[in-house]
Amino acid sequence: IHSKNDKKLIKMVKIRLSRLGKKRKPSYRIVVTDSRVRRDGKPLETVGFYDPIHNEIHLSSEAIKKRLDEGAQVSRVVRDILIKANVL
């Protein structure tokens, strides 16, 4: 929550993927970001890594659970990754 001239602006926070890697060889960071920021914009926090080619998943479950408790929304693909990794 940020205040500007006594008006409270609530930040909508999302947990989503940010793309890395070469052309046709994607890998992704799982990031916490403001929902208004572009896909590869500056994240608030990086909470994991996902490589669909080698099927690798590295997660910081404590950070993800903390953000979910604070009200962060999860994208569809990240939700499926978290279910696969038994975080949700």
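In strand β7, Val 74 is the bridge partner of Ile 15. The strands β3 and β7 pair in the parallel sense over two bridges, where pairing requires that DSSP finds at least two bridges between two strands. Strands (E, at least two residues) and helices (H or I, at least four residues) are DSSP runs, numbered from the N terminus. The structure is a predicted model, in which local features need pLDDT of at least 70 and side-chain atom pairs count only at pLDDT 80 or more, while totals for chains, interfaces and linings use all residues. Residues are numbered from 1 along each chain as its sequence is written, and side-chain values use heavy atoms, with hydrogens and water left out.

The β3-β7 pair belongs to an open sheet of five strands, with the order β6-β5-β4-β3-β7 and mixed pairing. Its edge strands are β6 and β7, each of which pairs on one side only. Strands of a sheet pair through backbone hydrogen bonds, either parallel or antiparallel.

Within this sheet, β3 and β4 pair in the antiparallel sense over 10 bridges, and Leu 20 stands opposite Ser 27 in β4. The two strands form a hairpin with two residues between them, and Arg 24 in the turn has a positive phi of about 65 degrees. Strand β4 is also joined to β5 by five bridges, and these two strands run antiparallel; here Ile 30 stands opposite Gly 48 in β5. Eight of the 10 residues of β4 are buried, so this strand is largely enclosed by the rest of the structure. Buried means under 20% relative accessible area, exposed means over 50%, and partly exposed lies in between (1.4 Å probe, protein chains only).

Helix α1 lies across β3, β4, β5, β6 and β7 and runs at about 120 degrees to β5. Helix α2 lies across β3, β4, β5, β6 and β7, running at about 90 degrees to β3. For these angles, axes are lines fitted to C-alpha atoms, for helices over the stretch in contact, and the values run from 0 to 180 degrees between N-to-C directions.

Helix α2 spans residues 76-84, and its buried residues are Val 78, Ile 81 and Leu 82. Seen down the axis of α2, these buried residues fall within an arc of 100 degrees, so they line one face of the helix; the arc is that of the directions from the helix axis to the C-beta atoms. An α-helix has 3.6 residues a turn, so residues three or four places apart point the same way. On the other side of α2, Arg 76 and Lys 84 are exposed. The buried residues of α2 pack against β3 (13-22), β4 (25-34), β5 (45-51), β6 (56-59), α1 (61-69) and β7 (73-74). After α2 comes Asn 86, whose phi is positive, near 60 degrees.

What does Val 78 touch, not counting residues up to four places away in sequence? Its partners are Ile 15, Arg 16, Leu 17 and Ile 30, with contact defined by heavy atoms within 4.5 Å. Val 78 is also among the residues with the most contacts inside the largest nonpolar core, together with Ile 15, Leu 17, Ile 30, Val 47 and Ile 64; this core has 15 residues. The elements that give two or more residues to the core are β3, β4, β5, α1 and α2. A nonpolar core is a set of buried Ala, Val, Leu, Ile, Met, Phe, Trp, Tyr and Cys residues joined through side-chain atoms within 4.5 Å.

A search of the whole structure finds five salt bridges, each a side-chain nitrogen of Lys or Arg within 4 Å of a carboxyl oxygen of Asp or Glu. One of them joins the side chains of Arg 36 and Asp 34 (2.9 Å, N to O). Arg 36 is exposed, with a relative accessible area of 66%, whereas Asp 34 is buried at 11%.

A second salt bridge joins Arg 67 and Glu 45 (2.9 Å, N to O). This pair links distant parts of the chain, with Arg 67 in helix α1 and Glu 45 in strand β5, 22 residues apart. Arg 67 counts as buried at 15% relative accessibility, and Glu 45 counts as partly exposed at 23%. Arg 67 also meets the side chain of Glu 70 in a salt bridge (3.6 Å, N to O), and Glu 70 is exposed, with a relative accessible area of 52%.
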